[in-house]
Amino acid sequence: MAASTVPLVKFNNGLSIPILGLGTWQSKPGEVREAVRDAIDIGYRHIDCAHLYFNEKEVGDAIRDKINSGVVKREDLFITSKLWNTYHRPDLVEKAVQISLDDLQLDYLDLYLIHWPMAYKEGSDPFPEDGKGKIIYSDVDYVDTWKAMEKLVAKGLVKSIGLSNFNTKQVQRVLDAAKIKPVTNQVECHPYLFQKKLHSFCKERGITLTAYSPLGSPQRPWAKPGDINVLDTPIIKTIAAKYNKSPAQVLIRCVIDRGIIVIPKSTTKSRIAENFDVFDFKLTPQDLEQIGSLDCNGRLIPQAEGREHKDHPFAHGDE
Ligand code: A2P
């Protein structure tokens, strides 16, 4: 499978993104360097990163290796990073992107997202607490953060800008004030949280959806025995058997067949390859309907520590 055969999704600004990328959330610093190297060798050209994943330096080393050894050119790659909650204040936004650029050893990002709509108290602690286990919030409005994000495009530091974990009302508030429209909204998306409403809302406004945790994030630290295990779902296993594919491949294909960008995470070489091997089959509308029938607002990544924030996207019933 060559990199060039991965379909591209066109953004509202005319630029394009490979529909499949490598996720790096929870990729340990000791493992992610090799994983990104393997992924690029396998054909991945889109790597999804974030300052908060605490591994951008290692991702940067891997990208640098592959560029220096002539395997890829910078312009062949699509690299995303995200602005963490403690950097929402407009005067901190350029500083934040510069930290990610330095760590990733790049002079521009293809895409920079506001990671969450909630602003936390500015400072070096990514989860500033009040001593009683509560996060200290900041009252910066994400609309003002967005205006600072727009300046990064003008400065050439990022090619495209977008959102992550924004609900429909929040997307609309940004759109109402935006000079540059967000190109994507990156959200949790898998059969138990199918995101039908958010997907059509964004699509109608020319904004793509990007699915994180498409496999249901089986290694999420707060999972308890008996919680949802998306990879183990009987319907998914039955459809996988029909196509002689794995459940993970069906989950990834399901997102792609809906026209949604997808970023499965793995640091295991065989799985990185397996997750890329999804372009030789296609799900039928009936398969997609069956998978969509599993939707039950089964959110697995609740961002519980920010629940009381006025801008928490899904703690106040505003999906
Ligand atoms: P690992 O990184 O150890 O390979 P998500 O993208 O939904 O957040 O899921 C990521 C999790 O799923 C990681 O724990 C990853 O494990 C695991 N995973 C990734 N690809 C596969 C696969 N093809 N089959 C089973 N588990 C997978």
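Modeller: Before we look at single contacts, a polar contact here is a pair of N or O atoms within 3.5 Å. Please also keep in mind that this is a predicted model.

Colleague: Fine. Then how far is a polar side-chain atom of R271 from an oxygen atom of the ligand?

Modeller: The distance is 2.8 Å between a polar side-chain atom of R271 and a ligand oxygen, and since the cut-off is 3.5 Å, the pair therefore counts as a polar contact.

Colleague: And what about T267, which part of that residue lies 2.9 Å from a ligand oxygen?

Modeller: For T267 the atom in question is a backbone N or O, at 2.9 Å from an oxygen atom of the ligand. N275, on the other hand, uses its side chain, where an N or O atom is 2.9 Å from a nitrogen atom of the ligand.

Colleague: How much of the ligand does the protein bury?

Modeller: The ligand taken alone exposes 580 Å², and 87% of that is buried by the protein.

Colleague: Which residues come nearest to the ligand?

Modeller: There are 17 residues around the ligand, and those that come nearest are L215, K265, S266, T268 and R271. By class, this shell divides into 6 nonpolar, 8 polar and 3 charged residues, and its largest share, 3 residues, is supplied by helix α9, which covers residues 269-276.

Colleague: Where does the ligand sit, in terms of pockets?

Modeller: The ligand sits in the largest pocket, which has a volume of about 920 Å³. That pocket is lined by 45 residues, of which W25, Q26, S213, S217 and Q219 are the closest to its centre. The elements that give two or more residues to this lining are α8 (247-256) and α9, and α9 provides the largest share, with 3 residues.

Colleague: Moving on, what is the volume of the second largest pocket?

Modeller: The second largest pocket has a volume of about 300 Å³, and of the 20 residues that line it, S16, P18, E75, D76 and F78 are the closest to its centre. Two or more lining residues come from each of the strands β2 (16-18) and β7 (158-164). By class, the lining of this second largest pocket has 11 nonpolar, 4 polar and 5 charged residues.

Colleague: Last topic: how many cavities of 30 Å³ or more does a search of the whole structure find?

Modeller: The search finds 1 cavity of 30 Å³ or more, and about 40 Å³ of space lies in the largest cavity.

Colleague: Which residues line the largest cavity?

Modeller: The largest cavity is lined by C189, H190, P191, F194, P214, L251, C254, V255 and R258, and by class that lining has 7 nonpolar, 1 polar and 1 charged residues.

How values were computed:
Residues are numbered from 1 along each chain as its sequence is written. This is a predicted model: local features need pLDDT of at least 70, side-chain atom pairs count only at pLDDT 80 or more; totals for chains, interfaces and linings use all residues. Side-chain values use heavy atoms; hydrogens and water are left out. A residue is near a molecule or strand if one of its heavy atoms lies within 4 Å of it. A polar contact is a pair of N or O atoms within 3.5 Å; within protein, one must be able to donate a hydrogen and the other to accept it, and residues adjacent in sequence count only if both atoms are side-chain atoms. Accessible areas come from the Shrake-Rupley method with a 1.4 Å probe; for residues, only the protein chains shown count as cover. On a 1 Å grid over the protein atoms alone, a cavity is a set of points where a 1.4 Å probe fits but cannot get out, and a pocket is an open set with protein on both sides within 12 Å along at least five of seven lines; lining residues have an atom within 4 Å of a point. A molecule sits in a cavity or pocket if more than half of its atoms lie within 2 Å of its grid points. Helices (H or I, at least four residues) and strands (E, at least two) are DSSP runs, numbered from the N terminus. Ala, Val, Leu, Ile, Met, Phe, Trp, Tyr, Cys and Pro count as nonpolar, Asp, Glu, Lys and Arg as charged, and the others, Gly among them, as polar. Grid points are joined across faces, edges and corners, and a volume is the space filled by probe spheres set on the points.
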